[in-house]
Amino acid sequence: MKLVKVKNYEELSAFAAEKILEKVRSSNRVSLGLATGGTPVRTYELLIDDFKKRKTSYQHVHTYNLDEYVGIAADAQTSYQYYMFEHLFNHIDIPKENVHLPNGTAENILQETQRYEDAIDKLKGVDLQLLGIGENGHIGFNEPGTPFDRTTHVTELEESTREANSRYFNSLDEVPTHAITMGIATILKSKEIVLLASGEKKAEALYQMFNGEISNNCPASVLRNHPNVIVVADEQAASKLEKLSTVSN
Ligand SMILES: O=P(O)(O)OC[C@H]1O[C@](O)(CO)[C@@H](O)[C@@H]1O
């Protein structure tokens with residue numbers, strides 16, 4: 001796992017956007033795994049800026065999002081699908097049929113998890129997966145305790161995750177209790193992974209990810225088993241990593 005320490009959120013976002021653009025330009029068919037949450041918002045803005053200025057095309061890009069809430073309609077403002085169109089897809093030239101998210105209102109939710117896993121499996125994993133990290137070390141919605149061999153599945157959200165995400169809802173009661181998420185095994189299939197961590201609230205999770213044992217108590221620690229991971233952390237998120245020998249850049 002390579003750690004890239006940057007000064008602040010702006011530098012972190014610029015690094016991530018550049019990584020994604022490199023991948024988009026690298027081939028005539030590209031698959032990206034994308035994340036929601038607060039952290040990648042600026043990265044997506046920078047991709048939009050690039051699209052306006054340099055016209056980097058996404059016609060050949062296929063996207064697969066990490067997760068979606070169960071029971072939230074795709075067109076509701078709180079869905080992750082809505083987030084992705086608002087923050088990115090409406091502003092670039094990606095064909096709608098190339099955009100993939102789990103369907104949180106599918107009639108047969110188990111069948112839906114299998115359908116989503118099969119789509120990613122067909123690619124043998126996405127080319128580049130963008131990840132955030134939860135304060136409890138979750139990746140996607142794989143909460144602590146999730147076995148590392150889980151593929152796409154329905155997960156029950158921890159109360160702390162619901163509370164952290166309640167800022168997007170009118171009240172905590174409205175935050176769904178369950179979500180469909182790529183499993184850890186799904187994420188590990190990715191050919192390359194870039195994990196973004198910004199702010200002091202992520203410092204402990206990052207410390208555990210690098211220093212704790214590789215265990216599902218900190219789901220992100222499993223990334224140490226993947227051959228091609230870059231962790232991009234700003235000064236606050238990396239504040240507990242100062243003395244680490246793995247630190248580069
Ligand atoms: O970027 P944020 O908002 O801190 O969220 C971190 C992580 O938490 C989630 O939003 C889920 O709670 C993930 O999608 C994200 O990677």
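How many bridges join S6 and strand S9 (residues 193-197), and in which sense do they pair?

## Strand S6 and its partners

S6 and S9 pair in the parallel sense, over three bridges. Two strands pair if DSSP finds at least two bridges between them. Strands here are DSSP runs (E, at least two residues), and helices are runs too (H or I, at least four), numbered from the N terminus. In this pairing, Gln129 stands opposite Ile193 in S9.

S6 also pairs with S2, again in the parallel sense, over two bridges. There, Leu32 stands opposite Leu128 of S6.

S6 spans residues 128-131, and both its faces are covered. Leu128 and Leu130 are buried on one side, Gln129 and Leu131 on the other. Buried means that 20 or more other C-beta atoms, placed from the backbone, lie within 10 Å of the residue's own.

## The model

This is a predicted model: local features need pLDDT of at least 70, side-chain atom pairs count only at pLDDT 80 or more, and totals for chains, interfaces and linings use all residues. Residues are numbered from 1 along each chain as its sequence is written.

## Helix H3

Helix H3 covers residues 80-87, and its buried residues are Tyr80, Gln81, Tyr83 and Met84. They lie on the same side of H3, because they cover an arc of only 160 degrees around the axis. The arc is taken from the directions from the helix axis to the C-beta atoms.

These buried residues pack against strands S2 (30-34), S3 (61-65) and S4 (67-69). Contact means C-beta atoms, placed from the backbone, within 7 Å.

Notes
Buried ≥ 20, exposed ≤ 12 C-beta atoms within 10 Å, placed from the backbone. Contact = placed C-beta atoms within 7 Å.
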